[in-house]
Amino acid sequence: MDNNAAAVKALELYKVNAKLCDPHPSKKGTASAYLESSTRSNSACSNRKMNHKDVHSVRDNFKDVNYLTEEKVYEILDICGEKEDYSPLIRVIGRVFSSAEGLVQSFRRSKPHTKEELKSLQGKDEDKDEDEKEAAACSATAMEDDSLASSSSSRLGEGSSGENDVQKLAPDEVSVDIDAVRRVYERLLSNEKIEAAFLNALVYLSPNVECDLTYHNVYSRDPNYLNLFVIVMENSNLHSPEYLEIALPQFCKAMSKLPLAAQAKLARLWSHYSAEQIRRMVETFQQLITYKVISNEFNSRNLVNDDDAVVASTKCLKIVYYANVLGGDLDMEHNEEEDEEPIPESSELTLQELLGEERRNKKGPRVDPLETELGIRTNDCRRPLIPFEEFVNEPLNEVLEMDKDYTFFKVETENKFSFMTCPFILNAVTKNLGLYYDNRIRMYSERRITVLYSLVQGQQLNPYLRLKVRRDHIIDDALVRLEMIAMENPADLKKQLYVEFEGEQGVDEGGVSKEFFQLVVEEIFNPDIGMFTYDERTKLFWFNPSSFENEGQYTLIGIVLGLAIYNNCILDVHFPMVVYRKLMGKKGTFRDLADANPVLYQSLKELLEYEGSVEEDMMITFQISQTDLFGNPLMYDLRENGDKIPVTNENRKEFVAQYAEYMLNKSVEKQFKAFRRGFHMVTNESPLKYLFRPEEIELLICGSRNLDFLNRDSRIIKEFWETLHSFGEEQKRLFLQFTTGTDRAPVGGLGKLKMIIAKNGPDTDRLPTSHTCFNVLLLPEYSSKEKLRERLLKAITYAKGFGML
């Protein structure tokens, strides 16, 4: 400390009438430590020498408190409780929670005492009197608090201590005591006046934080800056209506400015949270998005993409989404190998370069930067903490102008945000529309290039992928033609499909193509051909490992599936889910046998759970048998000399894993690689992998098998009317207000009121929603009547201001 700093410190101590804690000149260590401590800590020592009146006069103001600990909050709370005046605590919260510096320093995890501090705290020196013991304790506390405070200074990066603290932390750790923060919130948020202090402080804090992150690069200088986001997000009242107007939108804007490394650290930290804590954060951001969507009239002229609050909260929701993925059941190991031979490029590439164009996504499909930073993919998650469906925001999907959003997605400008960069918030219908635009624009591009190519080369104009087939030779004609195209110029596969049946006059406007796909699938998947096996119990097809067909035939089948997606046609194909996971780059594992081969799955599961001696009671080895097309047994060793290796209690897990690996991967490796190659010939430049999960790919190809009609006999409809009739008069008026926007009946009574009840997905914890302009009630299919009543009552009771989902 230089002379000027010492003079300032002395003046500050003089103002509070501080007394020297160490009257013994020989004990200089304790006194010097006290003098060098922060003024934020010195009052705890000097106040002990004051009389009762002085104690309260100083403590009532707490002007020296610039950051908080759990103990300090409880101390102030107790004093305020005694006087029944919480204004000092409200002022402290307002001061600390509105200051980035103060909040970053608050609620730090305690550090272990050094040997010197422990020695001074124990007070073993015989010469020390009571005053000296107090001074030593104060000095040790001041030293500890000062070391914590010094880790974040003004602009939070001037010293190196903050960086050193973070270097000692794991990638998924912060220096905040999160449990302490939760306990403090739990005690304080029950007081309405104190809650208002948090709200007002957040309004003041957020613009400053946004400025710090945007212009001062503060996180790179002091990663402890992330603490304030952790602390604010622990506020369980963030989703309440009071925050939705100003405070939460501003905070989301600030949070969306976090650099990629900070977002990844937050995602890793939150991945350790419970499912309920993740759901609370999801609901917080979803509340804001829904509130903004409903309270504004978005259309083609007033795009939701231009709403800063909706965009910022979506970006924040992405961090929680990846935390949900990281915290789930991950499978990072079982990845399919990439194709050894690259998919050939179009022979028209040179012409495109001459025209000044470049083939889009030439380097492969788009990858989310946060996904890359975290080193995971959504498909690595077998089961997330909370279902992926809870991240979908239906009101947003309804107002999103997908043609405009797709344009922003392809252009990738910083000025325009595309919700396709956050596909988790979009439902399958909206994503399918985005994929449709991508496919159509690609078709038009190929058509235009073909026209230009024909003009330059003088060749015959052929802007479509034309297939002329005979009904009685449909497989031969179609597959031969597709094979020629795949060999000569794969880019032709991305042209619009045009099918013509020989001898028929039908013009293909989409219907002829659909019939073509239907007939081809019926032929290809006929068990008599032998390319696929059919399981009568599961009604599913699987690759025949002993098929006599060559790999080229499977490649052509992959092309057919790709063409079906590309031309927006639904196929009557029934594969187990593991096929779609493999198409997305993940190998099949034991758990995939549950739907691919349930009988084998159950047998292997019983083997794993068997409590007796597996070797003596079951007498099985690492050699398994299969049957070929003619019923002949085929033996396969899971390990070298497998017939001589018995399965025991110790190695049974390895046996099960190797068995599943053989059945789902090794036995059909050639067939599946050829099939995948054909599929990627059509979809390699498509955003398919970026937008869709495996279960959604199945929906694209096969459509939904569930015809979820709602009628008057539906269980949910009956329970809804029973619940509504059980309401009191006031509750019925609230329901009418919630659904129609008014609690009055129209002329002629409620019989003249037209109301639509629409299904809004399966059972969920989300509340019913409504479109008052059209008298539409969106009702999830709740699992019980009690849950329906509880959710409906909550929705209609807290509906004002669009405060609840």
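Helices, at least four residues long, and strands, at least two, are taken here as DSSP runs that are numbered from the N terminus, and the structure shown in every view below is a predicted model.

**View 1. Two phenylalanines within helix H33.** Phenylalanine 672 and phenylalanine 675 both belong to helix H33, which covers residues 669–683, and they are three residues apart, about one turn of the helix. Their rings form an aromatic pair classed as tilted, with 6.1 Å from centre to centre and 40 degrees between the planes. Both phenylalanine 672 and phenylalanine 675 are buried.

View 2. For the whole structure, a search finds 36 aromatic pairs.

**View 3. The ring pair of phenylalanine 720 and tryptophan 721.** The ring centres of phenylalanine 720 and tryptophan 721 lie 5.0 Å apart and their planes stand at 70 degrees, so the pair is edge-to-face, because planes over 60 degrees apart fall into that class. Phenylalanine 720 has 0% relative accessibility and therefore counts as buried, whereas tryptophan 721, at 35% relative accessibility, counts as partly exposed.

**View 4. Helix H23 crossing helix H24.** Two packed helices are described by the angle between their axes and the distance between the axes. Here the axes of helix H23 (residues 402–411) and helix H24 (residues 428–457) come within 10 Å and cross at roughly 65 degrees, and the crossing in which H23 passes H24 is right-handed. On the H23 side the contact is made by Met402, Asp403, Tyr406 and Lys410, which meet Thr430, Leu433, Gly434, Tyr437, Asp438, Ile441 and Arg442 in H24. Sorted by class, the residues in this contact of H23 with H24 comprise five nonpolar, two polar and four charged ones.

**View 5. An open sheet of three strands.** The sheet is open and places its three strands in the order E9-E11-E10, with mixed pairing. Strand E9 (756–759) and strand E10 (769–771) are the edge strands, each of which pairs on one side only. From one strand to the next, the twist averages 25 degrees.

**View 6. The pairing of strand E9 with strand E11.** Strand E9 and strand E11 (residues 776–779) run parallel and are joined by four bridges. Within this part of the sheet, alanine 758 stands opposite leucine 778, a residue of E11.

Methods:
Residues are numbered from 1 along each chain as its sequence is written. This is a predicted model: local features need pLDDT of at least 70, side-chain atom pairs count only at pLDDT 80 or more; totals for chains, interfaces and linings use all residues. Side-chain values use heavy atoms; hydrogens and water are left out. Axes are lines fitted to C-alpha atoms, for helices over the stretch in contact, and angles run from 0 to 180 degrees between N-to-C directions. A crossing is left-handed if the near helix is turned anticlockwise from the far one by less than a right angle, and right-handed if clockwise. Contact means heavy atoms within 4.5 Å. Ala, Val, Leu, Ile, Met, Phe, Trp, Tyr, Cys and Pro count as nonpolar, Asp, Glu, Lys and Arg as charged, and the others, Gly among them, as polar. Two strands pair if DSSP finds at least two bridges between them. Rings of Phe, Tyr and Trp (its six-membered ring) pair if their centres lie within 6.5 Å; planes under 30 degrees apart count as stacked, over 60 as edge-to-face and the rest as tilted. Buried means under 20% relative accessible area, exposed over 50%, partly exposed in between (1.4 Å probe, protein chains only).
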